[in-house]
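Dear colleague,

My notes on what was found follow it.

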Amino acid sequence: MTDHPITPRATPPTTPPTTVEAGPLLEMRGIVKRFPGVLALGGVDLDVRAGEVHCLLGQNGAGKSTLIKVLSASYQPDEGEILWEGRPVALPTPQSAMKLGISTIYQELDLVPGLSVAENIFLGHELSKGGMSQRSQTNRAAAALLDRLGHGEIPVSREVGRLSPAAQQIVSMARALSQDTRLLVLDEPSAVLDQGEVDNLFRVIRELTTQGVAVVYISHRLEEIRQIGDRITVLKDGSTVSTGLDARTTPTSELIRLMTGRSIEYVFPQRPAQARSFTEPVLDVRGLTLPGVFAGVDLTVHAGEIVGLAGLVGAGRSEIVETLYGARRASAGTVRVAGRTLRRGSVSSAVAAGVGLAPEERKSQGLLLDQAVYRNITVSSLRRFSRLGMLDRGGERRRAQVLTTSLDVRPHGVDRMVRLLSGGNQQKVVLARWLLRECRVLLLDEPTRGVDVGARSEIYTLVRALADSGVAVVVVSSEVEEVLGLADRVLVVREGRIVHEGPATDIDEARVLDLVMEGNAA
Amino acid sequence: MSDRGTTPMGTPAEPVIDLDRVGTAEATADTRRVEQAAAATEEKESGLSALLRSSVGLNAGLVVALLIICVVGVFTAGDRFASADNVLTILRLAATVGVVSIGMTFVIIGGGIDLSVGAILALSSVWCTTFATQTMAESTHWSLMVLVAFIVGGGCGLVNGLLIAYGRVVAFIATLAMLASARGLAEIISERRTQIVTIDGFGDFFNTEILGIPLLVLIFVFIAAAGWVLLNRTTFGRRTLAVGGNPEAARLAGINVSRHTVLLYVLLGLCCALAALMLVARTNTGSSTHGQLYELDAIAAVVIGGTLLSGGRGTIVGTVFGVLILNVLTNVFTLNNQDTSTQAVAKGLIIVVAVLLQQRLARRSTA
């Protein structure tokens, strides 16, 4: 039991475990990361000390995920430097980050479900002798690691796919520990856990920090941050707005103030001048329930109205929209479109009634990437172009051409493969599909994800124009500002329930964030 | 579709909303120009030249491969190869597996696979010939054989499709089960004996020639042409490409993916039934050993033809070339008195080379 890596490192870390006052273990200075058309990080500073829990706070799109990908060397920064124990380091590959002792546990756990717990823990650095895996030794080492995490009850030979999410997370952490981790990055670790499991996770984190491991902790739940965190760095629009805040004493109002307000101003279209009274309910949802995700959701959208759903990722916003579209089967509740009740779990029924969805994952759920633009536009309206099953391709192309010209899809040309378009133009193609279908209810899930600033305004204008023509629109977005700027009415979703409903003009970003985050873990 | 309240359904040429606010372009003038441009390209695209350009252009590698095999044939076998009789023999043999391959092209483009085609063919041939052997032949009209074959083939396809689309059984497994059980059932029905067709009408009909070309060959030509139209010019074909290319996106676009999947396997089952009838006509027998390894030949032809095994892309013309390449190759080897083992090795090589070539070309066209 002495010859396998249970303790952090054969040579003890240069910083003594408990001295928080020592120089930072990790320093990131002026990190800049650009993607085509987007500045993801515009100069981020972060310093993490050994033995502390450093919390990263920021809205969706603030750059947290990009930052940890730079840290784990999945991305290469365009500018800026990274110092490790005061010395500049280059991290050309994820392996180089691992070698330093940086382990990242992502939201989606990257375990192999068909392998055993022990095999997963030592995946990539298997204990072997002459090419033969050392099964019993591996199992013993894995058991020791799990013991150290306080989870000796997890059977090391069980397939990981049969463990609970909480247990899988522990396995991920054991895997991080098995490779001499000195900095552990946890990306929303509590999202899949219940209260008891969260307490357990915190106990493990505390134990690690007393051994000198530094933890970077990302969460939206302020409650948790107060419980486990030492210091907070707040990101906004890809930059550090404040760093080194005390996690226990900084007031919530101060944190929310730092997170809100944007340096980039999006241009939202004007709402119609006089407050209109919407009289014609087009979409009427009553008591919609998807077990374990959301329950008893009521939602009414009128012709010409835009309703926004705000909430955290995982709160059930996307699931609500997908369920009322029939892509998931509700266990209870009714969805009516213009008085007609939709069949549960039937997309065809929803589409026939005039509902359209621009899904969250545009590329995997929305588009036929290898097919021409015009085919992506007409795919939901093929009957309109067919006589006895034969397609009028000239007609298809002409209609698609008219639509893409009106929406200014660039580059022009309806025969181009959709894969070759930018995110904004791909989204316009999806919108053109439902425009052609002349739908009366349009569901937009994260309509501007991966869309650059210029195209965003165009999409906002388009959505407003659609509403003005009498379409009932539902917008789901992680960006609170987008919901508030675009919608007439706002619903806030938290943990599968609608906790607030009211006109968009009566509520501000800080209040929405407060509703979204308050007391989640309580 | 009929009960639109607020949107003007009667005038589909009008944009639904005032789009002038959205784009930068002047909608009316620009639209007209665009429509004209689109109409012009459409005109250019239509016609025989476009058909030739697209099919020959995309399949240049296949044409070259076929030509090389033919040249080898001419050099090694001379007139025995390059005679009208031999060409008709090749085509007659190619016709049955060709019909199956056309159906297989649809299933594979739609994201599936069917290993049971040979077994379905055998079962159809046995079942339909039970009505045509000595005992029943006198009271049976040959059209009953045709009907029975299509019911059996379509029924097997339906079972495959339902298992895959609604039973959520992986296509490979579901059709593997069908392969085993359909051939087993064929053996039970026929008691492992070859059933000789004693009705005259059946053979007379299928073995006629029109302008010197056997009807069997014409059936293949017709099925290939119908398949091309179905894939490229109909709603069904477009949906097949969508379902195979991205099933989730197709579902969310309102396509009933499960139903479409069932239809694809039924279509292939019917193709197998037709091929069974053609084989019965050619050999004048029904047998549980008919169609051995047809699944491999059909899948090979489809893959050689450039259809993606993962679905979403493929051509009928490519499949026809694939069928021809495999059958001409067999013919050349047979004329040179090579045994079947050598043929098998050559087939394997051809498949690998063709796929490597297709991948190279595909990469160039997307780059």
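Helices here are DSSP runs of H or I with at least four residues, strands are DSSP runs of E with at least two, and both are numbered from the N terminus. The coordinates are those of a predicted model. On this basis chain B holds 16 helices and 4 strands.

Chain B as a whole

Of the 367 residues in chain B, 48% are buried. Among the contacts in chain B with a separation of 6 or more, 79% link residues 24 or more positions apart.

Helix α13 of chain B and its partner

I would draw your attention to helix α13 of chain B, which covers residues 257-283. Its 27 residues reach 39 Å from the first C-alpha to the last, close to the 39 Å expected at 1.5 Å a residue. The helix is mostly covered, with 21 of the 27 residues of α13(B) buried. After α13(B) comes Asn284(B), with a positive phi near 60°.

Two packed helices are described by the angle between their axes and the distance between the axes. For helix α4 (residues 84-109) of chain B and α13(B), the angle is about 175° and the axes are 8 Å apart. Angles over 145 degrees count as roughly antiparallel, and α4(B) is therefore roughly antiparallel to α13(B). On the α4(B) side, the contact is made by Arg92(B), Leu93(B), Ala95(B), Thr96(B), Val99(B), Val100(B), Gly103(B), Met104(B), Phe106(B) and Val107(B). On the α13(B) side, the residues include Leu264(B), Leu268(B), Cys271(B), Cys272(B), Ala275(B), Met278(B) and Arg282(B). By class, the residues of the contact of α4(B) with α13(B) are 17 nonpolar, 2 polar and 2 charged.

A helix pair in chain A

In chain A, the axes of helix α5 (residues 165-178) and helix α6 (residues 195-210) come within 11 Å and cross at roughly 10°. Since angles under 35 degrees count as roughly parallel, α5(A) and α6(A) are roughly parallel to each other. Ala166(A), Met173(A) and Leu177(A) of α5(A) meet Glu197(A), Leu201(A), Val204(A) and Leu208(A) of α6(A). This contact of α5(A) with α6(A) comprises 6 nonpolar residues, no polar ones and 1 charged.

A covered helix in chain A

Helix α9 of chain A, residues 317-324, is mostly covered, and 8 of its 8 residues are buried. Among the buried residues of α9(A) are Arg317(A), Glu319(A) and Glu322(A), together with Ile320(A), Val321(A) and Leu324(A). Gly326(A) follows α9(A) and has a positive phi, near 90°.

Positive phi in loops

Ala338(A) has a positive phi of about 50° although it is not a glycine. Ala338(A) lies in the loop between β16 (332-337) and β17 (340-341) of chain A. With a relative accessibility of 44%, Ala338(A) counts as partly exposed. In chain B, Leu293(B) is a residue other than glycine with a positive phi, near 60°. The loop that holds Leu293(B) runs between β4 (285-286) and α14 (294-304) of chain B. Leu293(B) has a relative accessible area of 49% and is partly exposed.

With kind regards

Notes: Residues numbered from 1 in each chain as written. Chains lettered and ligands numbered in written order. Predicted model: local features only at pLDDT ≥ 70, side-chain atom pairs only at ≥ 80, totals over all residues. Heavy atoms only, no water. Buried < 20%, exposed > 50% of the residue type's maximum accessible area, 1.4 Å probe, protein only. Contact = heavy atoms within 4.5 Å. Axes fitted to C-alpha atoms, helices over the stretch in contact; angles between N-to-C directions. Parallel < 35°, antiparallel > 145°, perpendicular 65-115°, else oblique. Nonpolar A, V, L, I, M, F, W, Y, C, P; charged D, E, K, R; others polar. Expected span 1.5 Å × (residues − 1).
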